[in-house]
Each structure stands twice: as structure tokens, then as C-alpha cells.
Amino acid sequence: MVFSSVIFIFVFLSAAFLLYFIVPKKFRGLRNIVLLIFSLGFYAWGEPRYIILMLFSIIINYVSGLLVDVFKEKHKRASLITLITCTVLNLGLLAYFKYFTFFAESFVKAFGIDITVAQILLPIGISFYTFQGLSYVIDVYRCDAPSQKNPLNIALYISLFPQLIAGPIVRYKTVAEEIKTRNETADDFASGARRFMFGFAKKMLLANTMGAVADEIFALSVESLPFDLAWLGAITFQFQIYFDFSGYSDMAIGLGKMFGFHFLENFNYPLISKSVTEFWRRWHMSLGTWFRDYVYIPLGGNRTSKARHIFNILVVWTLTGFWHGANWTFMAWGVYFAIFLILEKYFLKKLLDKIPAVFSHIYCLFLTTISWVIFNSPSLSFAFKYIGRMFSFGQITDRFVYLVIQNALCLVICIFASMPISKKLTQLLSKIKNENLRVLATDYPAGILAAILFVISILYLINTTFNAFIYFRF
Amino acid sequence: MKKLYNLLAIIVFLFIIFSIPVATKLAENKDYSFYENRNLATVPEYSTKEFLNGSYLPKWETYLSDHIAFRDEMIYAYTYLNANVFKKVNVNDIILTNTALLPYNVPRTIIKDDVVASCKKMSDKLSALDNACKDVGAQFIYVGIPEQRSMLREDYPDYLENDSEYLSLVEAEFFKALDSCGIEYVNMMNIFKNEDYRSYYSVTDHHYNIFGAFRTYTAIMDYLEITDKADGRLSEEDFNLVNLEHNFFGSRARMIYKAYPIPDYLSYYEPKVAIPFDRYDSGVHINRIFFVPKDVNEDITYNVYMGGDNAETYIYTNRPELPKLLIFGDSFTNPLETLLYTSFDSMLAIDLRHNNKSIYEYLNEYQPDVVLLVRDDTCYLSFDGNGKF
């Protein structure tokens with residue numbers, strides 16, 4: 001099920017709120033069971049068969065967590081073996097369902113073997129819940145979080161529907177306490193609802209509109225793609241993926257808040273970054289910190305020799321790229337960022353700090369725009385040709401004029417919505433000392449705007465069929 | 001103040017997500033969407049196989065989307081916003097111009113050889129039909145009508161595809177192919193383009209209006225005069241023009257839920273001296289030609305003419321001195337039929353889109369003197385519907 005669907009907004013969500021809040025607060029366990037049932041139903045909606053896979057993942061992680069906890073005091077080695085086994089099982093499932101077909105096809109193609117490779121359907125959200133499950137067992141192993149004795153709580157942590165299929169990747173230690181004891185408040189519900197409505201509007205009004213343009217352009221013949229359309233396609237895809245994914249994160253964070261959970265932020269206006277390094281501190285932060293804590297630092301991080309540090313960055317970013325999808329394009333996309341992160345770390349950082357901010361913004365936007373072409377291309381050769389077409393300058397085409405005129409308002413809104421204008425404004429207005437006046441100046445206008453955008457988004461939802469979330473395939 | 005805000009925010013949010021399902025439950029169930037011209041989804045039938053492969057439950061999404069309360073009102077609001085507030089050029093695949101509502105054309109790659117090959121294939125089919133007509137002693141005439149978007153192609157903004165290159169190529173090659181097969185035709189583009197063609201077309205519908213139909217009627221009768229089959233022709237003076245006050249709801253206006261202000265009306269011609277007739281639609285006796293609601297506040301559609309598309313319609317005027325006409329084609333025939341029946345002994349109108357019987361069976365049974373195939377220029381190379389004969 002997707003958030004941007006009629007069934008989710010008007011049936012699932014209303015039923016979930018009704019049945020969840022009808023249970024008295026003191027029956028925390030019962031509330032959790034209600035939430036767990038809805039979460040499993042949410043997952044089962046599109047792929048009932050794969051719920052078995054998720055339950056298997058839950059069992060592996062629950063049992064591993066318990067064993068790691070039991071062994072960690074006196075049997076360190078057994079504890080480590082359990083962790084390794086759990087990691088292998090988790091990653092094995094991910095590797096089989098996500099990468100087997102890709103590698104088998106690549107192998108068959110490379111050696112010219114004449115066999116048909118079986119197509120394995122990718123279970124929705126497997127990349128997200130695998131990483132969450134691993135996070136739990138690793139946190140227990142590292143004593144960052146206690147093990148969970150109640151299997152229902154682990155099931156709830158892994159399957160919690162707000163962040164189940166597209167993140168943010170919630171670390172166990174972030175919500176460990178809240179699963180057991182959280183306090184659903186009117187304040188959280190109101191701000192969560194507002195956050196959800198804004199996220200929904202980002203997805204429906206901005207991401208989908210930009211996505212329609214990007215899809216149209218990426219579907220054209222790349223051989224004869226005019227330069228203006230090539231740029232428009234890359235830029236609109238950048239907006240699409242940003243508003244799609246950050247909108248989804250907003251909805252997840254908002255929903256979490258309504259149910260009393262406080263997930264960490266996943267985006268922080270990445271398009272205003274002045275370097276690739278900064279961009280990745282602002283983009284998909286939950287994935288970045290996951291790789292940092294569970295891969296980069298265990299590899300030695302930056303406290304090693306220069307060569308080893310470069311190696312570590314390359315490993316982390318190749319894996320990051322590959323996490324996004326089973327295609328060489330994703331790997332190339334990860335390596336692309338690794339190269340610029342290394343260059344910035346050792347050469348460009350000082351220069352970028354010195355030059356006027358406008359140039360460093362342009363530098364970063366340029367690199368990220370190119371990166372999304374690699375990301376959104378069906379193959380590397382397509383990506384290279386597409387990027388080549390971006391620099392084959394010529395006349396402005398009628399198609400470009402039409403697409404810009406047709407989507408002018410949305411493009412302008414995307415530009416402004418990418419900048420922290422509302423954040424700055426809120427910060428400014430929050431300095432008002434009188435509380436009533438402050439609420440009147442901040443919460444009311446934001447709430448009214450969110451409600452209006454939510455209603456308009458619903459109109460779009462009813463009217464449009466183009467509403468598949470990009471991040472589903474991850 | 002903060003507490004009041006929280007309370008209001010929660011009430012508004014919950015009202016939005018709870019009110020719609022409650023209203024949907026209470027609302028009357030509909031089967032058909034007039035604006036979208038399609039049947040709405042039916043309640044999904046349960047199947048374990050579909051449930052397990054994940055295709056059953058999403059069908060409920062389609063069902064609910066189709067039957068949600070205030071659906072038409074919400075789509076109207078969406079369309080109104082996009083057309084009038086966001087000022088989009090293209091709304092629901094309709095191009096909004098000051099002069100007409102036109103369809104959005106996706107740019108296409110034109111391969112001349114393919115067009116020529118399709119023209120040859122269609123002309124071969126038409127040649128076979130022409131021969132079959134000759135076998136029963138009938139004169140076959142192909143009547144080509146420019147569709148509204150074709151005739152008003154100059155109304156598209158410069159930066160938008162108006163399909164002119166393709167339509168002109170098809171027109172040229174298609175009639176060249178008919179010439180080479182010796183098939184008789186009337187190409188209304190040649191006539192319309194030299195006249196005040198704007199007055200022949202609806203601004204909110206893809207058809208010509210009654211004036212375009214009347215001009216086509218006179219062109220056909222001019223052509224039939226050569227073979228002395230136009231004895232029953234009437235001139236404009238023989239008709240009363242009736243201008244309807246109802247608001248005409250054209251096919252393109254329907255696609256944008258009437259959300260763009262561009263008024264349009266319908267008219268029809270009726271003989272000053274009534275011509276008695278008997279009409280049978282698939283065997284049912286219906287003695288009407290025009291279908292106009294009494295209430296002028298009610299919107300009307302192109303169905304005013306002949307009541308819309310019918311599988312088969314026989315009209316007998318019982319004047320054996322006049323020839324028998326068989327006409328088939330898409331809805332462009334409907335206003336034309338309201339004029340043509342006045343000039344023939346009998347008229348059989350067929351729409352193959354709604355009919356399983358072949359045109360050849362009708363030819364043998366009805367034994368017409370004149371056979372007209374009426375198609376618009378966007379369908380010259382279509383082998384579906386009335387191109388499937």
C-alpha cells in the first residue's frame with residue numbers, strides 16, 4: 001500500500017486511528033498489537049506472499065538479539081558468531097531477492113551462456129527492513145540498546161507501517177524506549193498531522209508533476225535528445241526524487257508522531273548544499289548514518305592511512321549505490337559520489353570554502369544533477385549518451401517551451417520549496433515572546449496552509465493515476 | 001492558544017479523512033461516469049489466486065477511487081484549479097485556447113513509407129467494398145470529413161504539436177490511393193478550407209456542427225447529381241433552422257468537466273414541409289429525429305442528432321421514386337443522417353462499432369442504390385470500428 005492512495009488515506013488510516021485510540025492508553029501492549037496488525041496488513045496489501053519473508057526476518061532478528069544478549073557477557077565469541085550468522089542471513093535474503101537475478105543475468109551475458117534466468121520479484125521495502133533488523137542486532141551486540149524479550153515489540157519495530165517501505169531507516173535505539181513507553185499527545189498529533197499533510201502535498205503536487213516531465217523526457221530517444229530537454233529532464237528528475245522521497249519521509253515522520261514515535265529527520269534541504277560532502281549530510285540522512293556507523297567506522301573510518309581511507313570511502317559508496325538497486329548504474333552512481341567526496345576531502349574543500357557561495361552552490365547542484373541522470377538511466381551507455389546530449393548545445397525546442405510553460409508554477413514552487421525559507425521564517429517568528437502571538441504567527445498559518453494543500457492534493461489524488469513512489473523499488 | 005490550535009488541527013485533519021469514507025458509505029452507488037464516458041469499476045470478485053499474487057486487494061483501490069463520494073465534484077475542482085487558477089495550457093489532455101478546446105497531440109515520428117503502406121491496405125479494403133456495392137447495383141462514395149482538431153489546427157499554440165504534418169500526409173496519400181483504385185470520394189477538406197470553416201465546427205466538441213453537416217450534405221448531393229440520384233435534394237430554403245438555447249456539452253468540454261468558460265450551442269435543420277417517415281432502431285419503432293430535452297437549463301450533447309450512435313437505424317419515407325441509401329460511419333454521420341433521410345426513399349444507417357453484422361450482409365439484404373462511408377480524417381487509416389468491414 002502506498003501513502004498516496006485513496007485506500008490508505010480514507011480507509012486504512014482512519015481505521016488505524018479509530019482502533020488504536022479507542023484502546024485506553026494504559027493498555028500499551030494492546031495498542032502495540034493494534035499497530036502491529038495494521039502494519040502487517042499494510043505490508044500484505046500489495047504482496048501477501050512476502051509477508052512470510054518479513055516474518056522470517058523478524059524471527060531471525062528476534063532470536064539473534066536474544067542470543068547475542070545472552071552470550072555477550074561470558075561468551076563473546078558465540079555472541080560474535082551469532083551476529084555474523086544473523087548478518088549473513090539478513091544480507092543473504094536481501095542478496096537473493098534483490099541481486100540474484102541481476103548477477104545471474106550479468107554472468108550469463110558475460111559468458112554468452114544461452115539460458116533464461118528466473119526473474120525474482122523484489123519484495124517491497126526489503127532494503128529498509130533488512131537494515132532496520134540488522135541495526136537492532138548490532139545495537140544489542142554493541143550494548144547500545146537492550147535486547148527485546150517481547151517478540152511482538154521486535155515485530156512492531158521492523159514492520160511499523162509509517163516507515164516500513166521507504167524509510168527513514170529507524171535505528172532500534174531511537175525507538176526502543178518508545179515502543180515500550182511512549183506518550184501520544186495532542187501536541188504531537190497536531191504537529192504530526194501537519195507534517196503528514198505537507199509531505200503528502202510534496203508527493204502529490206510537486207514530485208508527481210515533476211515526475212511526469214522527467215518520465216516523458218527519459219523515455220525519448222537518447223540519440224537525438226535535444227540539449228534543452230536533456231537538462232529539463234535531469235532537473236525535473238532531481239526535483240521529483242527529492243520531493244518524492246522527502247515527502248515520503250515527512251509523511252512517515254508525521255505518522256510516527258501521531259502514534260507517539262519520534263523518528264529522526266531524513267532530509268535537511270540538501271539542494272542548498274555547497275559541496276557533495278554537505279549534500280550527503282543533508283540527503284537521506286538515515287541511510288548515511290547507517291553506513292557510517294555500521295560499515296565506514298568498523299572499516300576504520302578516516303583514522304587510518306590515506307590509502308585505506310580512500311578505500312573505505314570507495315567501499316561505503318559502492319555499497320550505498322548498490323543498496324539503491326541492482327544495476328551497474330547504481331554502483332556507478334555510488335562510485336561517482338565517492339570520487340567527488342575523496343576529491344573534496346583531499347583537494348577541493350579548501351577551494352570550495354574560499355570561492356563565493358554562489359559558485360559552490362552551482363558546483364554542487366551541477367554534480368548532483370548529473371548524478372541523477374546516472375541514477376535514473378536504464379544502463380550506463382544510456383547515462384553516458386544522455387550526459388553527452390546535455391552538452392550538445394543547440395536551439396531551444398518547442399517541446400521544451402511547452403513543458404516549461406505547462407509546469408512553470410510547479411517549477412517555481414519546487415525551487416522555493418527546496419530552500420529553507422519556511423524554516424528561517426519559523427525561526428524568526430519563534431522569537432516572538434508572547435506565546436499566543438507566536439502560535440498565531442507560526443502554527444495557524446502553517447496549519448491552514450497544510451490543510452489547503454492537503455485538500456488540493458486529494459483532488460490530485462482522485463484525478464491522477466501517476467502516483468507510484470520511486471523509492472518502492474529499493 | 002496552542003491548545004486551541006492543536007484541537008482545531010486535529011479536528012480538521014480527522015474531519016478530512018473520516019468524512020469522505022462516511023459520505024462514500026452513505027452515497028448512492030453509480031455504475032457510469034458521464035464525464036469520463038466509461039463504466040465505473042465493479043466490486044472486485046474474490047479469488048484466492050489473485051489474493052495471493054497480490055492483484056486482488058489493489059482492485060479495491062480502483063473500486064474505491066471510482067466510487068468515492070464527491071468524485072465528480074473533486075475532479076471538477078481539480079480541473080477548475082488547473083485551468084483557471086494555475087492557468088495550465090493542457091488540462092486532462094485538452095489544450096485550452098481562446099477559440100476552441102483541442103486535444104493534446106503527443107509528438108510522433110512520421111514514417112512516410114508506413115503511411116503509404118497503410119493507405120494501400122485501406123484502399124484495397126475499400127476497393128473490395130466498392131466492388132461488392134457495384135455487384136448489388138449501388139454507387140459507393142467515401143466521404144472524408146476533417147475532424148475539429150484537423151480543421152482548427154492553426155489554433156494550437158506555436159510550440160505545441162498540431163499534427164498538421166501527419167494529417168496532411170495521410171490526406172494526400174489516402175486520396176491518391178483511392179484515385180488509383182478508382183474509388184469515388186468527396187473530400188470535405190477541399191471544400192471547407194476555401195470557405196468559412198470556423199462556422200462549420202463546434203468549439204467544444206470534436207465533430208462538425210450542423211452547418212458543417214449541411215455543407216457536407218450539399219456536397220454529397222452535388223456529387224449524386226452526376227448520376228441522377230439527387231432528385232430528392234432539398235435546399236437551405238426548404239429547412240427551418242432551429243437554434244437550441246440549451247448549453248451544448250461537447251466531448252472536449254466533458255473531458256474538462258465544463259471547468260473552462262467557452263460557451264457552445266447546437267442547432268438543427270428540420271424540413272419546412274414535414275416528410276413523413278417511419279424509423280426503426282434495431283427493430284424498435286422510434287419516430288423522432290432530434291432528441292432535445294424540454295428543460296432549456298439541461299445540458300445537451302451531440303446525441304441531439306438521431307439520439308446518438310445506434311447499431312442500425314432504418315428510416316422509410318415511402319417515396320419509391322427516390323433511391324435507397326445505406327450510410328455507415330462514426331458519429332459524424334449522425335447530424336448528416338438528420339438531413340439525408342429527407343432526400344431518399346429509405347435510409348439505413350449502420351455503426352459497425354455497435355454491430356456484429358457485416359456490411360456485406362447488409363448490402364445483400366438491403367440492396368441500396370447509394371452507399372456512403374463517412375469517416376473523419378483522424379480515422380482514415382484506422383482498421384477498427386467502422387474501419388473494420
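Reader: Which residue does Glu184(A) form a salt bridge with?
Author: In this predicted model, Glu184(A) forms a salt bridge with Arg28(A), and the closest N and O atoms of the two are 2.8 Å apart. The pair joins distant parts of the chain, since Glu184(A) lies in the loop between helix 7 (172-180) and helix 8 (186-218) of chain A, while Arg28(A) belongs to helix 2 (residues 28-44) of chain A, 156 residues apart.

Reader: Is Glu184(A) buried or exposed? And what about Arg28(A)?
Author: Glu184(A) has a relative accessibility of 7%, so this residue counts as buried. Arg28(A) counts as buried too, because its relative accessibility is 11%, and the cut-off for buried is under 20% relative accessible area.

Reader: OK, and what does Arg194(A) pair with?
Author: Arg194(A) forms a salt bridge with Asp443(A), with 3.0 Å between the closest N and O atoms. This pair also links distant parts of the chain, with Arg194(A) in helix 8 of chain A and Asp443(A) in helix 20 (residues 443-463) of chain A, 249 residues apart. Both Arg194(A) and Asp443(A) are buried.

Reader: Moving to chain B, where do Asp299(B) and Lys258(B) sit?
Author: These two form a salt bridge whose closest N and O atoms are 2.5 Å apart. Asp299(B) is in the loop between strand 11 (284-285) and strand 12 (312-316) of chain B, whereas Lys258(B) is in the loop between helix 10 (251-255) and strand 9 (267-271) of chain B, and 41 residues separate them. Asp299(B) is partly exposed, at a relative accessible area of 28%, and Lys258(B) is partly exposed as well, at 35%.

Reader: Which residues do salt bridges with shared partners join into one network?
Author: That network is made up of Asp309(B), Asp330(B), Asp351(B), Arg353(B) and Arg375(B).

Reader: How many salt bridges are there over all chains?
Author: The count comes to 41 salt bridges over all chains.

Reader: Switching to cysteines, how many disulfides are there?
Author: The count over all chains is zero disulfides. Cys86(A), for instance, is in no disulfide, and the nearest cysteine sulfur, which belongs to Cys143(A), is 16 Å away. Cys86(A) is buried, with a relative accessible area of 1%.

Notes
Residues are numbered from 1 along each chain as its sequence is written. Chains are lettered from A and ligands numbered from 1 in the order in which they are written. This is a predicted model: local features need pLDDT of at least 70, side-chain atom pairs count only at pLDDT 80 or more; totals for chains, interfaces and linings use all residues. Side-chain values use heavy atoms; hydrogens and water are left out. A salt bridge is a side-chain nitrogen of Lys or Arg within 4 Å of a carboxyl oxygen of Asp or Glu. Helices (H or I, at least four residues) and strands (E, at least two) are DSSP runs, numbered from the N terminus. Buried means under 20% relative accessible area, exposed over 50%, partly exposed in between (1.4 Å probe, protein chains only). A disulfide is a pair of cysteine sulfur atoms within 2.5 Å.
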